[in-house]
Amino acid sequence: MKISIFQIDAFTSTVFAGNPAAVCPLKSWLPDATMQSVAAENNLSETAFFVSEDDGQHIRWFTPRKEVDLCGHATLASAFVIFNHLDPTATRVDFQSRSGLLKVARAGDMMVLDFPSWEPQACEAPPALAEALGAAPREILANRDYLCVYGSEGEVRALAPDMDRLAALDRPGIVVTAPGERHDFVSRFFAPGLGIPEDPVTGRAHCMLTPYWAGRLGKERLNAAQVSPRGGELYCMPRGDRVAIAGRAVRYMQGMIEI
């Protein structure tokens, strides 16, 4: 069986930056074990698979180790494939997912994700969290993942976490963030328990970061940077119980896989 595959760099306008995602459009679903094997073979933070059905596209995301409930950059990458290769006349695509309906709209040279808002709340985090990060944050909150707030961009960039200790925590992801020097805020995202030591650019993290920084800064449009080694830029807007996360994407590779 031959399957089309695209590798898209998301949340960037140049290759070799942003977050690379593999995208496999399917005519029908493959066995779960096969999709997991493809994701492991690709060895990217996410591989997205989608199938066109009567109520829109149905999308699923796999890390090299497991299926996940939500992924921003691979959704942006999937929309890019649809807009640029499968249906160039489309201006919006609706994805049905394990996290409900996710919409992606064209906006000039960018695409805008309509994602759930995950308002973070103060929490009593295990002492192992700060110890694993190597520097104590000023504030720790949580929703699906932990959100650790630092005082400066330099502190966030300097973190060198113990990935084995982070992987043993009770939440899948750890977001670290601080005010930015040239952006409203910066962040990094670690999820070693999912097979992703550090994710280059993470749409999912901005489901928490957007309501947090919108409330803290009193702004309705936020310019964000994820300061991983590859780096990426996002534009975030709170919309009640949803968030809008906008970014660009670029194709790196297109081909076929045989299974």
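The expected span of a helix is 1.5 Å times one less than its number of residues. The model discussed here is predicted.

Q: How far does α2 reach from its first C-alpha to its last?
A: Helix α2 has 15 residues, for which 21 Å is expected at 1.5 Å a residue.

Q: Is α2 mostly covered or mostly uncovered, and how many of its residues are buried?
A: A residue counts as buried when its relative accessible area is under 20%. Among those of α2 that are buried are G72, H73, L76, F80 and F83. The helix is mostly covered, and its buried residues number 12 of 15.

Q: Which elements give two or more residues to the lining of the largest cavity?
A: A search of the whole structure finds one cavity of 30 Å³ or more, and about 110 Å³ of space lies in the largest cavity. Its lining comprises 14 residues, with E46, L70, F189, T202 and R204 the closest to the centre. The elements that give two or more residues to this lining are α2 (72–86) and β14 (196–199).

Q: Is R248 buried, partly exposed or exposed?
A: R248 lies in the loop between β17 (242–247) and β18 (249–258). Buried means under 20% relative accessible area and exposed means over 50%. Because its relative accessibility is 26%, R248 counts as partly exposed.

Conventions: Residues numbered from 1 in each chain as written. Predicted model: local features only at pLDDT ≥ 70, side-chain atom pairs only at ≥ 80, totals over all residues. Heavy atoms only, no water. 1 Å grid on protein atoms, 1.4 Å probe; cavity = no way out; pocket = protein on both sides within 12 Å on 5 of 7 lines; lining within 4 Å. Points joined across faces, edges and corners; volume = space filled by probe spheres on them. Helix = DSSP H or I, 4+ residues; strand = E, 2+ residues; numbered from the N terminus. Buried < 20%, exposed > 50% of the residue type's maximum accessible area, 1.4 Å probe, protein only.
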